[in-house]
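Work through the exercises below with the sequence and the model at hand. Each task is followed by a solution in steps.

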Amino acid sequence: MATVYINDKPVDIGTERLNCVQAAERADVHVPHYCYHPSLTVVASCRMCLIEMGDLKDGKVTMIPKVFPGCQTPVKDGTVIVTGDYAKRDTSVPPLAYDPKYVPADRAKKAQADTLEGILLNHPLDCPVCDKAGECKLQDYSFEYGRGETRLVDEKNQPPNKPELSSKITLFTDRCIMCTRCVRFTREVSGQAELQVSSRGHHSEIDIFPGEPLENKLAGNVVDLCPVGALGSKDFLYKQRVWYLKSTDSVCNRCSTGCSIHVDANKDVVFRLRPRENPQAQGYFMCDEGRHGYHHADSTERIARPLVRRGDKLVAIPYLDAAQEFRNDFETHLRLHPGAVWAILSPFLTVEEAYLAARWLKGKSQQVKLALGHVPMVGEDDTYPKDRRGRPIQPVKFTIRAEKCPNRLGVEAVLRHFEGSVVPLAKAIESAKRGEAKAVLLTGGYPDPGTLNVFAEKPNDLMLAVTDIFHGAATALAKYVFPATTFSEKEGVYVNYAGLAQALHRSCKPPLEGRSEGQFFMDLAQRNGLFNAATIRKELAAEIRYFAKLADGIPELGVKLF
Amino acid sequence: MSFEPTLLARVNKPDSHRLVGYRGDGGYATFETALRDKKPVEVVNQVKDSGLRGRGGAGFPCGLKWTFLPKDHPGPIYLCINADESEPCTYNNRILMEKDPHQVLEGIMLACYAIKCERAYFYIRYEYGTAYRVLQAAIDECYANGLLGKNIQGTGFNLDVYLHRGAGAYICGEETGLIESLEGKRAWPRIKPPFPAIEGAFRKPTIVNNVETLCCVTQIMRRGNDWFKSMGVPPDPKNPRDAGSYGPKLYTIAGHVNEPKCVELPMGVSMRELVEKHGGGVWKGRKAKAVNPGGISMGFVDVNAKIKDSNLTEYDIPLDFNGPGRVGCLGLGTAAVTVVDDQTSMIDVLHNVCQFFAHESCGQCTPCREGTGWMLKITDRMRKGQGRREDLDILIDVADRMGIIPGTTICGLSDGAGWPVKTLIRKFRSEFEEAIKSGRRSVVKSLPLVGIH
């Protein structure tokens, strides 16, 4: 049992090995920092986390007359930490017995203000045109800990910007505060060490090696890691002021890792995705496939209205009419030959959506066949870090999975419950080819156009209904086409490769007349009211044991189902 | 009584840099005796008892440093020899390496034997081309004569010495910066702890010693502790933290003197004696204004400033490990004495200092990276006659807040960058104020070319 005192407040840290920043976090005291990041090595160079330190022994506090970098200094039993925020301490806690001559936080506060003065010396202060403004640590800390005026009357250093740094990232060299987080990331996590520091002293710059731009699949993370506006994502550059963005917790749908993300959207347009720290899912980062993989959501090519075949043409008709027409048609097939009706559940459906579809169909007839939709696989699992030659090295810190869908496990669990086993898509296709299938509901929701190209040769009498995001071979043959929704337009649960169930939250409306698949299946099943994920979740948790843990809601970081 | 140099005794002798010459003067006998008759711990203890303090600048007791190595470590343990002598006006290591490399190598062998190190890395600054070639020849001679390599003289002791050339950066003289550079990385000093003795080069226990320190080791082992302690200044009884300043020391005299040179003297010679007697006095018949006791990072003394309660001025302070500290300097440093004559503008001196440190700051810690750059910009402007009175306060403020003493940086470079600035401004403030008021420019286009090499 080790007790550490942070701004007088005792915190029991047990046997954990913590540094001052982490220990202070336990006492709800934030120690400002730039270069420190929990997933990277400590360099203690930004000197923003400076604190005062001492020892409590026999009721007496001995403070050391200098400041320490909090990120680098470990704490032990009896360590006394005084941060620059001492004045904002919890005054209900009695103060420790400091030396009467000692003024708590005097040194730390001055040191932090001095550090900020230093950092801002050569900073261009171009916040009005900087993308980071509004979420910039330099703004935040300067406001909180800095001084209001500069004493520099000389010219600032103006190193040239480096848009050639990467195809996806640009460097505003003059805004850089040299925390070297990006450099350490490329060395320690992505591993290929594309970034480096060039030059010395106040002319130090982040740079690439000539002709070797930063192009690895995790590169986008350096933009998130950058505490100031130096590294900018070209994808997001000048698109939106961050204070207009509404951030929603969600899950990336680009592979079965299921990275926790923030979806930053404004007025139903997604502007960027950012990784959300989740040790159970992926850690601190996300890959660029996922990060830049949201553009399908606002594509103009999307299927935005229900379409029904009239002759050889698909004609847009109002949603309710289309849904009713389809339901009548489908339920006729269900009545006449239930054994020849198939529903293909896509691994892009949420658990709730898959459940609602299965519940509806199996409620009509036990003979309806359910199968798992196409599971896109690309290459092999791609692990990081890699060495300079691109070969993966141990220990693995990030994996981009070959399975490019978010919810195979969740849909499979639903299928196993209703169908007894997971029937592969190939069986449904075979059955259709042999002319045994009469009606097929094919759900999609694939973010890449052309993924859903099964049933290329449709038997003439097969009634095919498709829900998908983009037109393709399947929709060309379909009698009914309904718009599918993507991750930013849904409420629900995805289960990742490791059985971690995480909640998606809706941040945007579906396009035009689109409705989420959850609502669609409720409408088809003629269940009253609007789709509510939590209600459906309760229902399915009670029915399917695999999902029992979902009954009480889902914590922010998700819940492990097994 | 005249003083007989020992460290420099062989300089200028014929064949001083060759093994045959060194052998002729009884060289390597000490190492061979130690190898045969002494246990490593005996060597450590003798060096520890001699009171030898590191000659690299910080003055840390050498033997004590050796004892910080983990006990019974399975190895490897490394020795790094710090020959990245980049402090302006310092060249004492260079003379040792160029003129008497075997003395250095014997010190390395003794040290390696003492700390059970089988691999020593000799980190030499790039600019020392001659020293590099002389040392490499000396190392080759040692290999050829069975003084280095495997199973030296049948005792089972192995030692390899690798000569490594730096790429020209002051920061490589900082021991962890040196280690990083040796490992092939950017010379960014490491955060401490762990200290190199626990985790140093290639993450193994490492001792970093200066060239002159190792020469002292050679002489201590040859002549004994009584000889070593017969010179220098005993510890100050009033200061329990003072370890004393024993032994001979190489002082380099540079700047505005008639005879710039490197002399060996017992520790504790006064600055006045050093400059007036050994350096031949200030040049052109002028008087000294400011003197720097040990490389510019140690700060400056005002020659005319009286020391409180005595007839002496700051010029009379003894050059031992404590002397310069008593007049506001950082310490003895490398004992490179630089003299500034009374015709020199202190703004130019200040600018020169700032330029050096702004150029050499590694750029890792914010206070030093930005502070040194800012100080250069201010002094640049002052030289153009556009200084402001408040600039002096800003300079002192910036200089005061960076360094490992206030705790705001990783290494001591920034203490050294701030110290000359604040000592200069505090001691010569009236001159700075007068210069600012007059708006005098001291920028000259360029100095006339004296010669090429």
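Two residues are in contact if their C-beta atoms, placed from the backbone, lie within 7 Å. The model is predicted.

**Exercise 1. Helix packing in chain A**

Describe how H8(A) and H13(A) pack, from the axes down to the residues.

Step 1. Locate the helices: H8 covers residues 351–364 of chain A, and H13 covers residues 533–543 of chain A.

Step 2. Take the axes. They come within 10 Å and cross at roughly 65 degrees. The crossing of H8(A) with H13(A) is left-handed.

Step 3. List the residues that meet. H8(A) contributes A:Val351, A:Glu352, A:Tyr355 and A:Leu356, while H13(A) contributes A:Ala533, A:Ile536, A:Arg537 and A:Leu540.

Step 4. Sort this contact by class: six residues are nonpolar, none is polar and two are charged.

**Exercise 2. Domains of chain A**

Find the domain bounds of chain A, then describe the contact of domain 2 of chain A with domain 3 of chain A.

Step 1. The domain assignment gives domain 1 as 3–116, domain 2 as 155–238 and domain 3 as 307–488 + 512–551 in chain A.

Step 2. Taken over C-alpha atoms, the centres of domain 2 of chain A and domain 3 of chain A are separated by 42 Å.

Step 3. Eight residues of domain 2 of chain A touch 11 residues of domain 3 of chain A. On the domain 2 side, three are nonpolar, three polar and two charged.

**Exercise 3. Domains of chain B**

Step 1. In chain B the domain assignment places domain 1 at 19–230, domain 2 at 248–341 and domain 3 at 346–438.

Step 2. The contact involves 11 residues from domain 1 of chain B and 15 residues from domain 2 of chain B. The side belonging to domain 1 of chain B has four nonpolar, four polar and three charged residues.

**Exercise 4. The setting of A:Asp114**

Is A:Asp114 buried or exposed, and which residues is A:Asp114 in contact with, leaving aside its neighbours within four places in sequence?

Step 1. A:Asp114 belongs to helix H2 (residues 106–121) of chain A.

Step 2. Count the surroundings. A residue is buried if 20 or more other C-beta atoms lie within 10 Å of its own. A:Asp114 is buried because 26 other C-beta atoms lie within 10 Å.

Step 3. Leaving aside neighbours within four places in sequence, A:Asp114 is in contact with B:Pro367 and B:Arg401.

Definitions and conventions: Residues are numbered from 1 along each chain as its sequence is written. Chains are lettered from A and ligands numbered from 1 in the order in which they are written. This is a predicted model: local features need pLDDT of at least 70, side-chain atom pairs count only at pLDDT 80 or more; totals for chains, interfaces and linings use all residues. Axes are lines fitted to C-alpha atoms, for helices over the stretch in contact, and angles run from 0 to 180 degrees between N-to-C directions. Helices (H or I, at least four residues) and strands (E, at least two) are DSSP runs, numbered from the N terminus. A crossing is left-handed if the near helix is turned anticlockwise from the far one by less than a right angle, and right-handed if clockwise. Ala, Val, Leu, Ile, Met, Phe, Trp, Tyr, Cys and Pro count as nonpolar, Asp, Glu, Lys and Arg as charged, and the others, Gly among them, as polar. Domain bounds come from an automatic or database domain assignment. A residue is buried if 20 or more other C-beta atoms lie within 10 Å of its own, exposed if 12 or fewer, and partly exposed in between; C-beta atoms are placed from the backbone.
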